[in-house]
Amino acid sequence: QAAATDDTTACRTQAAAHFVFVPLMAQGHLIPAVDTALLLATHGAVCTIVGTPATAARVRQTVDSARLTGLQVRLVEFPLDYAAAGLPEGADNADNVPIECMQSYFEAVALLRAPIEIYLRANAPFPTCVVSDFCHPWTTVLAANLGVPRLSFFSMCAFCLLCQHNVERFGAYAGVADDNEPVAVPGLEKRFVVTRAQAPGFFRGIPIPWWEEFADYVERARAEADGVIMNTFEEMEPEYVTGYAAARKMKVWTVGPVSLYHKRGAEGTLAARGNAAAIDAGDCLRWLDAKDPGSVVYVSFGSIARAEGKQVVELGLGLEASGHPFIWVLRNADDYDAAARAFLDELEVRVAERGLLVRGWAPQVLILSHAAVGGFVTHCGWNSTMEAVAAGLPMVTWPHFTDQFLNEKMAVEVLGIGVSVGVTEPLMYRAAEKETVVGRSVVEDAVRSVIGGEEEAEERRRRARALAIKARAAMQEGGSSHRNLMDLVDRFKAAS
Ligand code: UDP
């Protein structure tokens, strides 16, 4: 059996709410879960975050810094049984598990239920609530055994969740033969069009029966939850938050943007958010300090999407032609073919001080909150989208898969802060299913249209800045997310 490693002292408060966070071991799920735990701890809760060793390593510095400020939060590691699961030793976070091992990985993670339960029974205070990533349906059993409520955690917007729910509830894809045929999302006042390929449903559309069963299991666990915590805020999408709560007949607590847990001045902690950065935060800030306000475009496709050589070249040429300074994050630079690598080396020489290439992990929120940054070329992961919202930045939207196409609609059609590069078909998880290459001139035009000076661009920037003001207000005393965090801490406190 897996043994827990807990390097923290026992938490003190007996009557406080004690939330046990079970994040999915992938940065896009882990980072917002940790921020949410820290926000709840700020409001007086005790929080235990459980994770595999590689996952814990990504957030240990953030959690340790929070503990030093007096927050009652602990991070507890549970190794997987790698050999029994047929996983490479230590492969326990989405960024180091081979794609072909994903089923084994999910099965191995579910086996952590017993050791987690043993740990929680043995280490006071007793939990009062399990906050589980929606991808961990086995936590229904964990919460039931402990006799405590379970909330589903989503770092997603209510718009996306409601659209997905409605296409399934009303059978919108029934009789649609072609995965790329446009379908109107039923049950919404405004018209939005999606395709099954863009929004197949969580874990749906994988031609392996195990995943279809897993998707059903996930859906059952979602339906049985005692409520939902979401990284969004009411003022940004009031009708969709209300609509989703009504459709699910479930209490929804919106608590975002959770990245605003990290205050200005906490650059050290921010730089380490989610992983060790591949660039020195000080060097990065100095580079940004030397640029004009609002002139820099930041380009990143998150923690999972991978670019292929040909696309890398087109994107690089587009950034070069835009004439704007840029920071470009190349997550899988080591995998590029020789031609793409040579291209990048030459590009770096040509653009010199105008371009900063980060090969690996970038301190994203630190960068986005710098005044020199004026736009974000993004894959529309929901965390990145919320981070753009919190920073008041317009976006160039370039979705790849999962919820990203609906997030793009949110940015472009609902909020009016995004310009699409026009990708309509998903790129498969980690690799291009077919060669969809966005050309250099599309990149150039999109970058110019978010950073440029025309009236339409200025309007977009105004909307983005106004939204950021609302986002900050939501997190401050009297704001909706602040109120929801306090309500959670109050509602789930221990019976004294
Ligand atoms: N992130 C980061 N540096 C990177 C890449 C990603 O800090 O180089 C963070 C980003 O700020 C966000 C998360 O990782 O909080 C990515 O989540 P998102 O939902 O945007 O995309 P995913 O990685 O899940 O596709």
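This is a predicted model: local features need pLDDT of at least 70, side-chain atom pairs count only at pLDDT 80 or more; totals for chains, interfaces and linings use all residues.
In soluble globular proteins, nonpolar side chains tend to be buried together.

Leaving aside residues up to four places away in sequence, F19 touches A37, L40, A45, C47, C129, V131 and F492.

## A covered strand and its neighbours

Strand β12, running over residues 326-330, is mostly covered, since five of its five residues are buried.

Strand β11 (residues 296-300) pairs with β12 in the parallel sense over three bridges, and here Y298 has I327 as its bridge partner in β12. Between β12 and strand β13 (residues 355-359) the pairing is also parallel, over five bridges, and V329 has V358 as its bridge partner in β13.

Helices take part in this arrangement too: β11, helix α12 (residues 309-322) and β12 form a right-handed β-α-β unit, while β12, helix α13 (residues 338-351) and β13 form a right-handed β-α-β unit as well.

## Around the ligand

The ligand is surrounded by 19 residues, of which the closest are G28, G302, S303, G381 and S384. Two or more residues of this shell come from each of α1, α14 (364-368) and α15 (382-391), and the largest share, four residues, comes from α15.

Sorted by class, the shell around the ligand holds seven nonpolar, ten polar and two charged residues.

Note on methods: Residues are numbered from 1 along each chain as its sequence is written. Two residues are in contact if their C-beta atoms, placed from the backbone, lie within 7 Å. A residue is near a molecule or strand if its C-beta atom, placed from the backbone, lies within 6 Å of it. Ala, Val, Leu, Ile, Met, Phe, Trp, Tyr, Cys and Pro count as nonpolar, Asp, Glu, Lys and Arg as charged, and the others, Gly among them, as polar. A residue is buried if 20 or more other C-beta atoms lie within 10 Å of its own, exposed if 12 or fewer, and partly exposed in between; C-beta atoms are placed from the backbone. Two strands pair if DSSP finds at least two bridges between them. A crossover is right-handed if, with the strands pointing away from the viewer, the path from the first strand over the helix to the second runs clockwise.
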